[in-house]
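Subject: A structure for you to look at

Hello,

Here is the structure I promised to hand over. Have a look at it first, and then read my notes below.

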Amino acid sequence: MSTDANTDGTDEANSATDTEGSGGHCSTPDSDGEVAEEIAIVSFERKLDTAREIVDGIGDAYETVDVIEYHGDVFAEHWGAYDCFVGLMASGIAMRKTAPLLDDKWDDPAIVVVDEELTWAIPITGGHHGANQVAHDLSQLGAVPAMTTASEAAGKQGVESKAKALDAHVVNGDSTVATNLAVLNENLGPVVRLDGPRAVLVDDDVTVLKRNGEAGVVLGTGTVAGVEKAQVLDAWESALGDLDLDFDDVDFVATGTRKEGEDGLYAAAQEIGAGVVLFEKETLEGFEGPSPSRSKELIGWPGIAEASAIAGGREHELAREKERFDDAVTVAVGR
């Protein structure tokens, strides 16, 4: 997420990159348009072995993964009890049985269908509300996630995904039709963060994001190329432990755009259920930390760990100055 900060406390976030691209997700309510945590795999009896294979493969990533044997009223019987149904069946069956139950995309469960050979994982409804996430996770078992939502098909990040990375949710769901079209056309403009108290008047084509719960801390992180997930997790745990905090206190992970695609960093963020927010160099230059930085001397970038922690924090302050761990990971904590 690149952020340009104004002196009045307003932050403009040009883009937010989350762990969804690496198979991860955050624990936030699906009704807010973000992720699924409670899943039911609906399977015919003859396909139960495949259903159990799915549970073994992705079950640890979710709060609940139940296997329910198919019968004619199975979806109606369990409608509203799960964030997402995975139909181990032909797509036509799932469509005919769930279509009469659909009411509102912000409240309906997501639906994904998958074949017995785990060749395809096809989101049918609720792509931005858990189905794309589940289909992507099923790709770990070899299934091809056949995502048809416009932003994902174009390789762009919709506003629901931006919300997920920022541990926030969409307040006015109807607005996302216009704002995701703007994402697709590359003219959305920055996401603006407003620190209150203040009142905001918006039109129908403005999507409002609200934080989930109280604000936590931001893990500003710099890494060497090829860093391992375990190295990053150990560094974060040590830095948070000094503040008597743990991973549940983390809003998101912040770093510089030059770290985009660093697999070990993204895998670590996935492990703790946090989004990864990327800041542009120009933004970080406006939030340089107090510690000397070799990267500024060598490549002209301010110290990524401290600058991104300060830029990402609501108060734009450090709770902990940077420290280098295992000669591979530098961590600062922002608030």
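Arginine 320 and aspartate 242 form a salt bridge, with their closest N and O atoms 2.5 Å apart. Arginine 320 sits in strand β15 (residues 318-325) and aspartate 242 in the loop between α8 (229-241) and β13 (250-256), so this pair ties together parts that are 78 residues apart in sequence. Please keep in mind that this is a predicted model. Arginine 320 is buried, at 11% relative accessible area, whereas aspartate 242 is exposed, at 53%.

Another pair joins arginine 335 to glutamate 317, and here the closest N and O atoms are 3.4 Å apart. Because arginine 335 lies in the segment after β16 (329-334) and glutamate 317 in the loop between α12 (304-312) and β15, the bridge ties together parts 18 residues apart in sequence. Salt bridges with shared partners also link Asp242, Arg320 and Glu323 into one network.

Now for a pair within a helix: aspartate 49 and arginine 52 both belong to α1 (residues 48-58), 3 residues apart, which is about one turn of the helix. Their closest N and O atoms are 2.8 Å apart in a salt bridge. The chain's count comes to 6 salt bridges.

On the surface, Val192, Leu194, Val200, Val202 and Val206 form a nonpolar patch with about 350 Å² of accessible area together. One of them, leucine 194, is in the loop between β10 (191-193) and β11 (209-211).

As for the whole chain, it has 12 helices and 16 strands, and 50% of its 335 residues are buried.

Enjoy exploring!

Key:
Residues numbered from 1 in each chain as written. Predicted model: local features only at pLDDT ≥ 70, side-chain atom pairs only at ≥ 80, totals over all residues. Heavy atoms only, no water. Helix = DSSP H or I, 4+ residues; strand = E, 2+ residues; numbered from the N terminus. Buried < 20%, exposed > 50% of the residue type's maximum accessible area, 1.4 Å probe, protein only. Patch = residues over 30% accessible without salt bridge, like charges linked within 9 Å, V, L, I, M, F, W, Y side chains within 5 Å. Areas by Shrake-Rupley, 256 points an atom, 1.4 Å probe, with all protein chains shown as cover. Salt bridge = Lys/Arg side-chain N within 4 Å of Asp/Glu carboxyl O.
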